[in-house]
Structures are given as C-alpha cells and as structure tokens.
Amino acid sequence: MSGGISMAGLLDIVALVPPLIAGMVVGYCLRGKKLFSIEKLVLGVILVLIFSLGFSIGLNTQLLEIMPTIGLNAIVLLFMTLLFSIVFVKAARKMVRI
C-alpha cells in the first residue's frame with residue numbers, strides 16, 4: 001500500500017456520488033411542497049443502517065476478538081477529543097471575548 005486511496009476505494013466513493021446528486025435534484029424539485037415528515041424517514045433509515053452495522057460486526061468473529069482493544073482505544077480517543085475540544089473552545093471564546 002502506498003498510503004493513498006486505492007482504485008477500488010475510489011470507485012466505492014464515486015458510486016456514492018450519483019445517489020447524492022439524485023437526492024439533491026429531487027429535493028430541489030420538491031422544496032417548498034408539503035410532504036411527509038422527512039425527519040422520521042431519515043431516522044428510520046439511520047436506525048436500519050446502525051442495525052446492519054451491528055449485524056455485520058456480530059458476524060465477524062475476528063473483529064469480536066479484538067473488540068476490547070479497539071474499545072479501549074476508542075474510549076481514549078473519545079476523552080482526548082472531548083478534552084481538547086473543551087480546551088480549544090474555551091481558548092477561542094477567550095480570544096474573541098464571548
């Protein structure tokens with residue numbers, strides 16, 4: 001690996017563009033019209049995606065074996081992100097005097 005995006009990865013990313021553009025076009029054409037609650041639809045889709053992610057994780061025995069290590073790293077990363085976010089927000093607020 002050279003560290004860049006592989007051709008397969010690039011094709012995966014490119015495959016996401018047409019549905020995104022189609023959604024933008026449909027949304028643009030339907031803007032201002034009274035539709036069903038799109039937020040409920042989005043929430044339902046997100047829940048299905050999260051379920052499918054959990055399902056695929058549950059099927060992967062190798063991933064389940066290293067899950068404690070990944071979980072510990074994720075917790076450390078979470079706390080570091082929170083800590084530095086708070087520090088930088090306080091510094092930025094002090095700089096602009098909010």
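A residue is called buried when its relative accessible area is under 20%, exposed when that area is over 50%, and partly exposed in between, as judged with a 1.4 Å probe and protein chains only. By this rule Ala92, with a relative accessible area of 39%, is partly exposed. The structure is a predicted model, in which local features need pLDDT of at least 70 and side-chain atom pairs count only at pLDDT 80 or more, while totals for chains, interfaces and linings use all residues. Residues are numbered from 1 along each chain as its sequence is written, and side-chain values use heavy atoms, with hydrogens and water left out.

The overall plan comes first. The protein contains 3 helices and 0 strands, and its pattern along the sequence reads α-α-α. Here helices (H or I, at least four residues) and strands (E, at least two) are DSSP runs, numbered from the N terminus. The C-alpha atoms fill a box of roughly 50 × 45 × 35 Å along the principal axes. The radius of gyration of the protein is 21 Å, whereas a compact globule of 98 residues would have one near 13 Å. That radius is taken over C-alpha atoms, and the globule rule is 2.2 Å times the number of residues to the power 0.38.

The surface can be described next. Of the 98 residues, 0% are buried. The protein exposes about 9,200 Å², and carbon and sulfur atoms supply 77% of this area.

Helix α1 covers residues 7-30, and at 1.5 Å a residue its 24 residues should span 34 Å; the end C-alpha atoms are 36 Å apart, which agrees. The expected span is 1.5 Å times one less than the number of residues in the helix. Just after α1, Gly32 adopts a positive phi of about 85°. Helix α1 also gives the most to the lining of the largest pocket, namely 4 residues.

Helix α2 spans residues 38-59, and within it Phe51 and Phe55 are 4 residues apart, so about one helical turn separates them. The structure holds 2 aromatic pairs. In the pair of Phe51 and Phe55, the ring centres are 6.2 Å apart and the planes meet at 25°, so the pair is stacked. Rings of Phe, Tyr and Trp (its six-membered ring) pair if their centres lie within 6.5 Å; planes under 30 degrees apart count as stacked, over 60 as edge-to-face and the rest as tilted. Phe51 counts as exposed, because its relative accessibility is 59%. Ser56 also lies in helix α2 and, at 37% relative accessibility, counts as partly exposed. The C-alpha atoms of Ser56 and Gly32 are separated by 38 Å, the two residues being 24 apart along the chain.

Helix α3, residues 61-96, contains Ser85, which at 37% relative accessibility is partly exposed. Between the C-alpha atoms of Ser85 and Gly58, 27 residues apart along the chain, there are 32 Å. Ala92 has its place in helix α3 too, and its C-alpha atom is separated by 26 Å from that of Ala74, 18 residues apart along the chain.

Methods. Accessible areas come from the Shrake-Rupley method with a 1.4 Å probe; for residues, only the protein chains shown count as cover.
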